[in-house]
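Here are my notebook notes from an afternoon of looking up strands. Have the structure open beside you and follow along.

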Amino acid sequence: MDIGAKVLSLRNVTMKYGTKTVLNGVNLEVERGQIIGYIGPNGAGKSTTVKIMLGLIQDYKGQVEIFGQDIASGDPSYKKRIGYVPEQAELYDNLTAMEYLSFTGELYGLDRKFAEEKAQKLMEEFELGHVMHSRISSFSKGMKQKVLIISSLLHNPDLLFFDEPLSGLDANSMMVIREMLAQLAAQGKTIFYSSHIMDIVEKISNRIVLLVNGAVIADGSFEELQERNEEGSLSDIFNQLTGFTDHASRAERFISIVEGGIADE
Amino acid sequence: MNEFRTLAFLSKFKRLFTRAGIDYQAMETILRMKLTMDGRRTPTIFNAQKKKEGNQFLKSLWIYGLYGLMIIPFMLFGEGPYIFQMSIAFGITMFILTTTMVSDFSSVLLDVRDKTVLQTKPVSSRTINTAKIIHILIYMFFITGAFIAIPLVVGLFSNGVLFTFVFFAALVLTMLFIVVFTSLMYFAVLRFFDGERLKDIINYVQIILSVGVIIGYQIVIRAFNFADLELTYAFSWWHVFLPPMWFGAAFELLLNQDFSNVMILLSVLALLVPIISIFIYIQLMPSFERNMDKLMSESKSRKRSGWLMDFWGKVCCRNREERMFFRFASLMMKQERNFKLKVYPSLGFAFIFPFIFIFTELQMRTLADISTGSMFLLIYFGNMMIPTIVYMFQFSDNHKGSWLFKASPIQQPAAAYSGTLKAFLVKLYMPVFLLLSIAFIAIFSWRILPDLFAVLLGAVLQTLLTYKWINAGSFPFTSSFEFAQSEGSAKMVIISLAAGIFVVAHLIANAVTGGIYIYIILLLILIFMGWRAILPVIGHPAPH
């Protein structure tokens, strides 16, 4: 695949749950090697978009092409080149980390021995070596997150969907992941990164897509967004574009309720 | 939050608690919160029902009342020495109370949320611990009450006031002993093992409870027949380690005025051990709390070699995808506790029921007499468990993890259930069937070998048909257990009875000379064609 090749494209994608419209005509073209910061307020439709592209949701309208293939065709092969970290750390946690990883590796078509060896090395890098054969249910949030990240990378995918991948990780592990993402992108992998932590999105993404009420309302590099909106940080731009400006007065009211009422005895 | 009559009753003892240095107000608040939460929990004994409104616990008490009837016979066997009847009665009581305590109240004792929610608040740890114990005692009081109410009244009429009084006092001690003993047992387990191991132990106790109650009931019914035996009591040193004997001895001592040294020793144990263990418990409470941290931390690594699983996977499965699900399903069956809790009791019944019927028959005929007939068909009772278990493969506590199946490039979704059903047959069905077969060959001789083979093939076909008929969705372990009973129960009854069709077919086959071999060939053809039609897995899918 040559540099600049199209990895995925969404054309006029619409999604309804009953009468509620979640996605309202999303258009998006993504090229190889991009890190896309996919941001938006709660309920904007970020996770839904990702789930559609992964084939978790099928009854959408519009066209979704990944690696040039229309995913509605029903052939699951395109998923072999995708890695996914879901927002909630949901996994079969009665399995041990090793059992889970070798199973997911096999699901993606790896040989079990190969998957196990690779998983072991990756777990050791992530300081999970000593709990490799423990049930995941006994893991902390951060450890579960590490298992999910490893499971998304085990088959060396070309396209990554990371939904809030840093949640629960300590500062050191976060640095590792951030550096890893930069290097993966440099090697031509495409990363679709959803998060609510604007500072990180600002630093790692080379393109930012803002989704509000099921539609893309801003799309471009951080610098481009800055020029257009004359605001300092991505966080400020986010507030401005989503029309949220009364945070100070809200906080004020909140504090006054905390301090009012029944006095200390 | 509700007002609880129990708390109103407890408040009568407010002064007592306050004098012991306990913040009664705080304790009452904790208890009210706990009781409210309990109203939203379902007891194990009721695991076959879906969630309903109201305190399921109070509604489940009648079951304990029913179990209580089991001990009435032992109180009525009049004249003999009390130590026999009452030891058995207390043995049953202790079994029920301990298993209930472990299965339903472990979560109370081991609630790790207590640490973050309660210990961060300005409440003394003495108050918190007392609240915990009182909380459990409230329930044990209800359970013991329900369990013993009818026997107590029967005892009052048949054995007099003094008997009732001793009985009541012994019960209170038993209750205290069990609560404290269970806690100490947990303490010991947590001291040496990790939290996961403790959860496994609790899981197995829950399974034993489900099986034990049914089997115990069968045994007690049969106990009527050998109950008239005249026995004289002879002491052996190991009786000292049987708590039910202590209480039995107390009856002997107080009611039959048997003042022998042995009776005095055992009775003193009945009185002292519960009291001493409470003191030990209070002493150990702080270090127990510390060990509770293990429940929250990661468990030790234990690597299991899976060569046996790999071997069977290679033998049974047609391709890599199917083998993968074979492995996955094997691991889930072995490691998901809730699945085990719902499935393993059925396995136990499958194993036990054929024997129970043989034993019933033994009371009328001799073993030699039985072994010549067609009684070996009782082994079909072992196949009755198949529908319940196959149905359960749809469910998992971790059903949310099933995004994985959709997000990954699975070429042949049919391989998922195909592998799972094969794993069930190899991992769960076969061990039970083999044990049953060994026992049956011992009873009925080698002549039944072809019949056993037909039974096995029948099980395979029944597994496939059950799946076809009741399982929804293309992947196993993808729905919540909460949906497990809402649908499919009527179908389930019908399909369980379908085992009868196999029995009838088998009987017909046996009516003709050599018919069993035709039946076996017929079954083989049906399995071969049925499996291909229902779960088509191609030998070699497109190479990766």
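This is a predicted model: local features need pLDDT of at least 70, side-chain atom pairs count only at pLDDT 80 or more; totals for chains, interfaces and linings use all residues.

**Entry 1: burial.** Is strand 7 of chain A enclosed or open? I found that 5 of the 5 residues in strand 7 (residues 159–163) of chain A are buried, so the rest of the structure largely encloses this strand. Here, buried means under 20% relative accessible area.

**Entry 2: neighbours of strand 7.** I then checked its pairing. Strand 6 (residues 82–85) of chain A pairs with strand 7 of chain A in the parallel sense, over 4 bridges. Tyr84(A) stands opposite Phe161(A). Strand 8 (residues 190–194) of chain A also runs parallel to strand 7 of chain A, joined by 5 bridges. There, Leu160(A) stands opposite Ile191(A).

Entry 3: What do strand 7, helix 5 and strand 8 of chain A make? I noted a right-handed β-α-β unit, with helix 5 spanning residues 171–186.

**Entry 4: strand 1.** Next I turned to strand 1 (residues 6–17) of chain A, which runs antiparallel to strand 2 (residues 20–31) of chain A, with 9 bridges joining them. Met15(A) has Leu23(A) as its bridge partner. These two strands form a hairpin with 2 residues between them, and Gly18(A) in the turn has a positive phi of about 65°. Strand 1 of chain A also pairs with strand 4 (residues 61–66) of chain A, antiparallel over 5 bridges, and Thr14(A) stands opposite Lys61(A).

Definitions and conventions. Residues are numbered from 1 along each chain as its sequence is written. Chains are lettered from A and ligands numbered from 1 in the order in which they are written. Side-chain values use heavy atoms; hydrogens and water are left out. Buried means under 20% relative accessible area, exposed over 50%, partly exposed in between (1.4 Å probe, protein chains only). Two strands pair if DSSP finds at least two bridges between them. A crossover is right-handed if, with the strands pointing away from the viewer, the path from the first strand over the helix to the second runs clockwise.
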